[in-house]
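Here is a short briefing to read alongside the sequence and the model. It covers strands, a helix and the nonpolar cores.

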Amino acid sequence: MIHSMTAYARHEVKNDWGNAIWEIRSVNQRYLETFIRLPEQFRAIETVIRERLRKQLQRGKVEVFLKYNANPAAVGQLQINETLAKQLIEKANWIRTHGAESNINPIEIMRWPGVMEVEEADIDTIQTDILNGFDKVLSDFKDARGSEGENLKEMIEQRLTGVLEQKAIIEQHLPEIMAWQKERIVNRFEEINLELDEGRLEQEMIYLAQKTDVAEELDRLTSHVNETQKIMKKGGACGRRLDFMMQEFNRESNTLASKSINADITKAAVELKVLIEQMREQIQNIE
């Protein structure tokens, strides 16, 4: 299967601790480039996510987003750090016994960093749930890329069929083109009142045939079509190989256009260029 580099997926994770929403989107890129945006409390899993992306994807600019909403009802009751609070009270009493005015305010003691603690949900459990959710959204994301890749493959195969049709048109016109060219040479010699023997005519026709022979280019077109189909059938990260094949197609179509001595062949060569460019544009989206 071939995969597109353009796709989007979303997945929501729900549990007693709240909910988290994963989103992954990607666009074309020559290499794999990842951008990961996580809430601060989940920065520890960024390396894990980046590694999982690297193992599953080959190319594309990939953006990953996580939105986290904690469940207020899951927050535990207030806890007092009694040891720290006692130490603060003792020190405050010591200051007062040494002559300094000190009125111990319970609220101020409670505001001291670390005195009041809130029992939080187990962060390891939350991270495990969230990473499981990431695996699900990544799977959906790959499925979306695969589905879009199949659409691209179908469009490319249609253009490959068009290439073979244009090749057949050129082959169909070759005999009549040679007959037309022979008649043109004979008429030209008659116009200038030159006697044309069969040997001279044969030499002229051989020279013209060599100059305008496109059999090799047509054979290579067929070979390129077969190789492109073979690459797509194999699948995987084949975008670069397919892009190279488009360069080979362009080379043959340019040669055909340069050798054209007939409007029908010129038209077919132009149509080939259109089909090749359409394929090239679609291949830019393939991983």
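The points below are grouped by topic. The model is predicted.

**Strand pairing**
- Strand 1 (residues 7-15) runs antiparallel to strand 2, and nine bridges join them.
- A hairpin of two residues links strand 1 to strand 2.
- His 11 has Trp 22 of strand 2 as its bridge partner.
- Strand 2 also pairs with strand 4 (residues 60-70), in the antiparallel sense, over 10 bridges.
- Ala 20 has Tyr 68 of strand 4 as its bridge partner.
- Strand 2 (residues 18-27) is largely enclosed by the rest of the structure, because seven of its 10 residues are buried.

**Helix 1**
- Glu 46, Ile 49 and Leu 53 are the buried residues of helix 1 (residues 46-56).
- These residues lie on the same side of helix 1, because they cover an arc of only 65° around the axis.
- An α-helix has 3.6 residues a turn, so residues three or four places apart point the same way.
- Thr 47 and Lys 55 are exposed, on the face of helix 1 turned away from its buried side.

**Nonpolar cores**
- The largest nonpolar core has 27 residues; Val 163, Ile 170, Phe 249, Leu 256 and Ile 286 touch the most other members.
- Helix 4 (123-191), helix 6 (215-234), helix 7 (239-259) and helix 8 (263-283) each give two or more residues to this core.
- Helix 8 gives the most, with eight residues.
- Leaving out residues up to four places away in sequence, Phe 249 touches Leu 160, Val 163, Leu 221, His 224, Val 225, Thr 228 and Ile 276.
- A second, separate core holds 25 residues, including Ala 7, Val 13, Leu 53 and Leu 131.

Technical notes. Residues numbered from 1 in each chain as written. Predicted model: local features only at pLDDT ≥ 70, side-chain atom pairs only at ≥ 80, totals over all residues. Heavy atoms only, no water. Buried < 20%, exposed > 50% of the residue type's maximum accessible area, 1.4 Å probe, protein only. Helix = DSSP H or I, 4+ residues; strand = E, 2+ residues; numbered from the N terminus. Pairing = 2+ DSSP bridges. Arc of directions from axis to C-beta. Core = buried A, V, L, I, M, F, W, Y, C linked by side-chain atoms within 4.5 Å. Contact = heavy atoms within 4.5 Å.
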